Amino acid sequence: MISFATLAQEKDTVKIKPDFRPTGLRVGTDLISIVRSSTDKTFTGWEANADIDFYRYYFTVDYGSWGRSYSSDTNSYSNTGNYFRVGVDVNFLKKDPDRNMFFFGFRYGVGTFSEDLMVVRTSEIWGPLTENFSNNNVSANWFELTTGLRVKIWKVIWLGYTARLKFGLSTGATPDMMPHDVPGYGRAEEDSYWGFNYQIFIRLPVRKSGAIPLKK
Amino acid sequence: MKKVTWFVFLSIIAISCLNEPDCYQLDNDEIGLVFSVMEFGEDIDTLRDIRISSTESVFYPNTIISAVLLPLNPNLDELEYIFQWENGSIDTLLLRYKSQIQYVSEDCGQRYVFNNLNPVSSSFDSVRIVNASPGYPASTNLVIYRCAKPDVGGVRFKRKEGTTESDSVLTVSAVVADFITDTQVKQVGPSFYLPLNKSADTTTFEFKMADGDVENLSLSYRRLTRKSPIQDCESVTFFSRIKIVATSFDTTSTRFINTAPSGSVIKSTNTRDPAIINFDIFL
């Protein structure tokens, strides 16, 4: 009796094998970087983002550049550098017909940067401490845990955000000056650091999207 | 509508992320040195001053110290500290370190970060690194050890009127021990710190008063000499059961007190380093 009931239940479930073939390439950019570059005199930067789906897994690549510049009567600091990140996002909205995303993921970031600092200072004990310091072509790498949304707004236009918890920063040797700001990561003295991107995307379909696998 | 709500919420988060964090760290450009006597602990001595290579500044002039905080020069990776003590002796400490600068923020400017403290050479008996990175606020980085020499006894002169006791500061031109011609006797107000003879069970002192009078004071004691557990130090002679056996001072009484200069009573009957006051002598 029990075995007949179990058999009947199994026959009601339709399993569809996940289709890992990509359906679209999404490319976009970070709006915060663009806005900041035009409103914040101390910052210039941009970031491009792309992802491609493999069922509910998205292989993502980011590439960007930023530079900062601060100056006062006693010091002047500037840096510039490029970075890229690669990683995977996992979409937890499995049943959304538009393939909107609420995702968690991880990234591995790699960057190269240079920075300069000029200090004009007089110490009561040591006298003048005016000096120039620089770090040139310093490599950096770090890890990120990410979460965020991707929402289809209109036809191929998508908006989204990515919140990042960055950690595990490692930089190349900087004997005289400790790095202040690592492009792609942020303040170097922080063991972990938050980042945020507010992004606009265009999704380019590469094939007609199949049915979303559902469990009845 | 749902989407709009989401993006307004997320925009607020994004704007909050743009804020620069507060300035929270400053230079860690001071090192902490603690002076210690091997086997006894805290050492207290009087400095004439401390001077540092590359600056004319003078530190701790005429100061009684058991620990000091000294600056590090961010433009150098090595400094020599010169300690001139009240008794005329001079000690040196050559310290090597790593100095780095870091830009912090527009508000805070830059900070200097020091680490890898390394006492390359010194005239002290021993120097131990407790923490090679100076902290903020500064704390102990190096402990400077001196071999123990508990070969000094202390007497303090007092007056008693009724039940009231007061210090009696003698005006003395010299104090001479019977076993050493160039006797180093330290007078601090009413107290005298007297070197004891390691080779005899008594030592007699001549107090040459400013008015020309000479007074005598003889101390007896037991001696115990043993090898120091510290390799770099010579054997140590402890003196115990110190007694005043004779004196020409016009005394009314004496009192065994065994009290440190700070006022704390020492339970052990052995001499200590730094020396303590063993007796009050009432004139």
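**Aromatic pairs**

I ran a search of the whole structure and got 29 aromatic pairs over all chains. I then looked at the rings of Y55(A) and Y57(A): their centres are 6.3 Å apart and their planes stand at 65°, so I logged the pair as edge-to-face. The angle qualifies because planes over 60 degrees apart count as edge-to-face. I keep in mind that this is a predicted model.

Are the two tyrosines buried, partly exposed or exposed? Y55(A) is partly exposed, at 22% relative accessible area. Y57(A) is partly exposed too, with a value of 34%. Both land in that class because it covers what lies between buried, under 20%, and exposed, over 50%.

In chain B I noted one aromatic cluster. Its members are F35(B), F83(B), W85(B) and F124(B).

**Chain A overall**

I turned to the secondary structure of chain A. It comes to two helices and 12 strands. Reading along the sequence, I wrote down α-β-α-β-β-β-β-β-β-β-β-β-β-β. Chain A has 216 residues, and 44% of them count as buried. I also checked contacts in chain A between residues at least 6 apart in sequence. Of these, 63% join residues at least 24 apart.

**Cavities**

Rolling a probe the size of a water molecule over the atoms shows where empty space is left. How many cavities of 30 Å³ or more are there? The count is two. I followed up the second largest cavity, which has a volume of about 40 Å³.

Which residues line the second largest cavity? I listed N49(A), A50(A), D51(A), T60(A), D62(A), R107(A), R150(A), Q199(A) and F201(A). Sorted by class, that lining has two nonpolar, three polar and four charged residues. Three strands of chain A each supply at least two lining residues: β2 (43-54), β3 (57-71) and β12 (192-205). The largest share is three residues, and β2(A) provides it.

**Strand β8 of chain A**

N137(A) sits in β8 of chain A, residues 131-154. Its phi is near 50°, a positive value in a residue other than glycine. N137(A) is exposed, with a relative accessible area of 63%.

W154(A) also belongs to strand β8 of chain A. Is W154(A) buried or exposed? I recorded a relative accessible area of 58% for W154(A), so this tryptophan counts as exposed. I took one distance from W154(A) to K94(A). They are 60 residues apart in sequence. C-alpha to C-alpha, W154(A) and K94(A) are 20 Å apart in space.

**A hairpin in chain B**

I moved to strands β8 (residues 90-105) and β9 (residues 109-122) of chain B. They run antiparallel, joined by 11 bridges. The hairpin between β8(B) and β9(B) passes through three residues. What stands opposite Q102(B) in β9(B)? I found R111(B) there.

**Backbone checks in chain B**

I noted a positive phi at R241(B). The angle is about 50°, although R241(B) is not a glycine. R241(B) lies in strand β19 of chain B, residues 236-247. At 52% relative accessibility, R241(B) counts as exposed. It passes because exposed means over 50%.

I then noted two cis peptide bonds. One runs from Y136(B) to P137(B), with omega near 0°. P137(B) is in the loop between β10 (126-129) and β11 of chain B. Another cis bond joins D273(B) and P274(B), where omega is about 0°. P274(B) is placed in the loop between β20 (253-259) and β21 (277-282) of chain B.

**A loop aspartate in chain B**

My last entry is D151(B). Where is D151(B)? I placed D151(B) in the loop between β11 (140-146) and β12 (152-161) of chain B. D151(B) is buried, with a relative accessible area of 16%. That label applies because buried means under 20%. Which residues does D151(B) touch, not counting those up to four places away in sequence? I got L194(B), P195(B), L196(B), K198(B) and F239(B).

Terms used. Residues are numbered from 1 along each chain as its sequence is written. Chains are lettered from A and ligands numbered from 1 in the order in which they are written. This is a predicted model: local features need pLDDT of at least 70, side-chain atom pairs count only at pLDDT 80 or more; totals for chains, interfaces and linings use all residues. Side-chain values use heavy atoms; hydrogens and water are left out. On a 1 Å grid over the protein atoms alone, a cavity is a set of points where a 1.4 Å probe fits but cannot get out, and a pocket is an open set with protein on both sides within 12 Å along at least five of seven lines; lining residues have an atom within 4 Å of a point. Grid points are joined across faces, edges and corners, and a volume is the space filled by probe spheres set on the points. Helices (H or I, at least four residues) and strands (E, at least two) are DSSP runs, numbered from the N terminus. Ala, Val, Leu, Ile, Met, Phe, Trp, Tyr, Cys and Pro count as nonpolar, Asp, Glu, Lys and Arg as charged, and the others, Gly among them, as polar. Buried means under 20% relative accessible area, exposed over 50%, partly exposed in between (1.4 Å probe, protein chains only). Contact means heavy atoms within 4.5 Å. Two strands pair if DSSP finds at least two bridges between them. Rings of Phe, Tyr and Trp (its six-membered ring) pair if their centres lie within 6.5 Å; planes under 30 degrees apart count as stacked, over 60 as edge-to-face and the rest as tilted.
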